[in-house]
Amino acid sequence: MIKIAVLDDYQDAFLQIINVEKYKDKFDFKIFNNPFIDEKEATVELEDFEALFIMRERTPMTKSLIESLPNLKYIMTSGMRNKSIDLEAAKKKKYYC
C-alpha cells in the first residue's frame with residue numbers, strides 16, 4: 001500500500017475531489033490540514049510517506065526537507081506551479097511531476 005500525505009488542505013478540498021474509499025486498497029491517504037510548525041516537525045510527520053500531494057504553497061519543500069524523507073518517491077501539486085517546492089532538488093531526485 002502506498003502512503004500518501006496530502007499537505008496544506010485547509011479547505012478539505014481533497015475529499016471533495018477524490019473518493020478515498022474507492023482507492024483504500026491501493027493507497028493510504030493522510031490529510032494534513034494545518035501547516036507544520038517548522039521543517040523538523042514536517043520531517044518527523046512525513047518520513048514514512050512515499051508520495052506528497054501538495055494543495056497550497058504553505059509547506060516549504062526545501063532541498064533539506066526533500067532529502068530528509070527516506071521513502072519519498074513522488075511530489076505532486078494541485079496547481080500549474082508551486083513556488084514552495086525546490087524544483088531543482090525535486091527534479092534531481094526525479095520526484096516532481
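Predicted model: local features only at pLDDT ≥ 70, side-chain atom pairs only at ≥ 80, totals over all residues.
The protein carries 16 positive and 17 negative side chains, and the centres of the two sets are 6 Å apart. Lys and Arg count as positive, Asp and Glu as negative, with His and the chain ends not counted. Each charge is placed at NZ of Lys, CZ of Arg, CG of Asp or CD of Glu.

Conventions, briefly. Residues are numbered from 1 along each chain as its sequence is written, and side-chain values use heavy atoms, without hydrogens or water. Local features need pLDDT of at least 70, side-chain atom pairs count only at pLDDT 80 or more, and totals for chains, interfaces and linings use all residues.

Now the fold. There are four helices and four strands, in the order β-α-β-α-β-α-β-α along the sequence. These are DSSP runs, numbered from the N terminus: helices are H or I with at least four residues, strands are E with at least two.

Overall dimensions. The C-alpha atoms fill a box of roughly 35 × 25 × 25 Å along the principal axes. The radius of gyration is 13 Å, which agrees with the value near 13 Å for a compact globule of 97 residues. That radius is taken over C-alpha atoms, and the globule rule is 2.2 Å times the number of residues to the power 0.38.

What share of the residues is buried? It is 36% of the 97, where buried means under 20% relative accessible area, exposed over 50%, and partly exposed in between, with a 1.4 Å probe and protein chains only.

Next, the interior. In soluble globular proteins, nonpolar side chains tend to be buried together. Here the largest nonpolar core has 18 residues, and Leu 7, Leu 46, Leu 52, Met 61 and Ile 75 touch the most other members. Strand E1 (2-7), helix H2 (39-46), strand E3 (51-54), helix H3 (63-67) and helix H4 (87-92) each give two or more residues to this core. A core is a set of buried Ala, Val, Leu, Ile, Met, Phe, Trp, Tyr and Cys residues joined through side-chain atoms within 4.5 Å. Apart from it lies another core of eight residues, including Ala 13 and Phe 29.

Leu 65 sits in helix H3 and counts as buried because its relative accessibility is 1%. Its C-alpha atom is 6.7 Å from that of Glu 39, 26 residues away along the chain. Ser 68 lies in the loop between H3 and strand E4 (74-77); at 27% relative accessibility, Ser 68 is partly exposed.
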